[in-house]
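Please look through the sequence and the model shown here before reading on.

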Amino acid sequence: MSTVVIVKKNGSVAIAADTLMSFGPLKLPARDNRQPSKLLRIGHSIIGITGWMVNLQVLERVFAKAGEPPALASVAEIFDVFQWLHAKLKEEYFLIPRGDPNDAYETSQMNVLIANPYGIFSVGSQRSVVEFERFWASGSGMEYAMGAMSVMYEASITDAKNVAEAGVWTASDFDSATGLPCEAHMIPLYSSLATENEQQLLSKA
């Protein structure tokens with residue numbers, strides 16, 4: 001598994017992930033992996049995936065072939081994109097949508113976290129979408145990351161990226177399937193940029 005986290009704080013969002021790949025008990029550390037990233041840029045969004053790592057390669061190809069990348073700007077748009085994606089995965093990439101017999105819907109076999117200028121979102125394996133106000137995590141180190149981010153979030157000296165990194169670092173200490181180094185990115189929110197522009201216009205008036 002992996003640990004991926006998203007944070008929104010002080011006009012910015014951040015996404016961070018560990019870089020360890022594992023095959024059961026066998027570990028492939030980042031120093032021996034030429035492509036250790038678990039994050040993928042789609043237009044103005046950065047997404048992180050936990051679950052089968054082949055999903056990262058599949059999504060990279062699907063969105064590259066699709067042309068103009070989706071904005072992923074709202075819960076409704078993200079839901080529609082992942083409904084379309086699920087059909088694509090079954091038709092062209094041989095996805096086996098097998099889950100628990102009691103599941104209400106087919107599974108896409110992945111959990112996705114999204115950070116972009118519109119906010120932070122998660123997409124569950126059955127394509128349910130949630131938008132978060134502060135932070136969230138996914139993967140085998142999720143509980144450790146959530147605990148660390150809960151403490152760090154209230155510290156006035158930390159920005160979104162600091163909080164996200166703390167989540168992954170803590171998960172790497174306690175979760176055997178999470179390993180450093182941590183990859184992290186921060187993105188300004190559009191609402192924050194609009195506020196800055198308004199302030200600049202007022203100062204010139």
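What follows describes a helix and then a pocket.

## About the model

This is a predicted model, in which local features need pLDDT of at least 70 and side-chain atom pairs count only at pLDDT 80 or more, while totals for chains, interfaces and linings use all residues. Residues are numbered from 1 along each chain as its sequence is written, and side-chain values use heavy atoms, with hydrogens and water left out.

## Helix H2

Helix H2 covers residues 75-92, where a helix is a DSSP run (H or I, at least four residues), a strand is a run of E of at least two, and both are numbered from the N terminus. Because the expected span is 1.5 Å times one less than the number of residues, the 18 residues of H2 should span 26 Å, and the 25 Å between its end C-alpha atoms agrees with this.

In H2, the residues Ile-78, Val-81, Phe-82, Leu-85, His-86 and Leu-89 are buried (under 20% relative accessible area, with a 1.4 Å probe and protein chains only). Seen down the axis of H2, these buried residues fall within an arc of 150°, so they line one face of the helix; the arc is that of the directions from the helix axis to the C-beta atoms. An α-helix has 3.6 residues a turn, so residues three or four places apart point the same way.

Just after H2, Phe-94 takes a positive phi of about 60°.

## Composition of a pocket lining

The lining of the largest pocket has six nonpolar, four polar and two charged residues (nonpolar: Ala, Val, Leu, Ile, Met, Phe, Trp, Tyr, Cys and Pro; charged: Asp, Glu, Lys and Arg; polar: the others, Gly among them).

How values were computed: Buried < 20%, exposed > 50% of the residue type's maximum accessible area, 1.4 Å probe, protein only.
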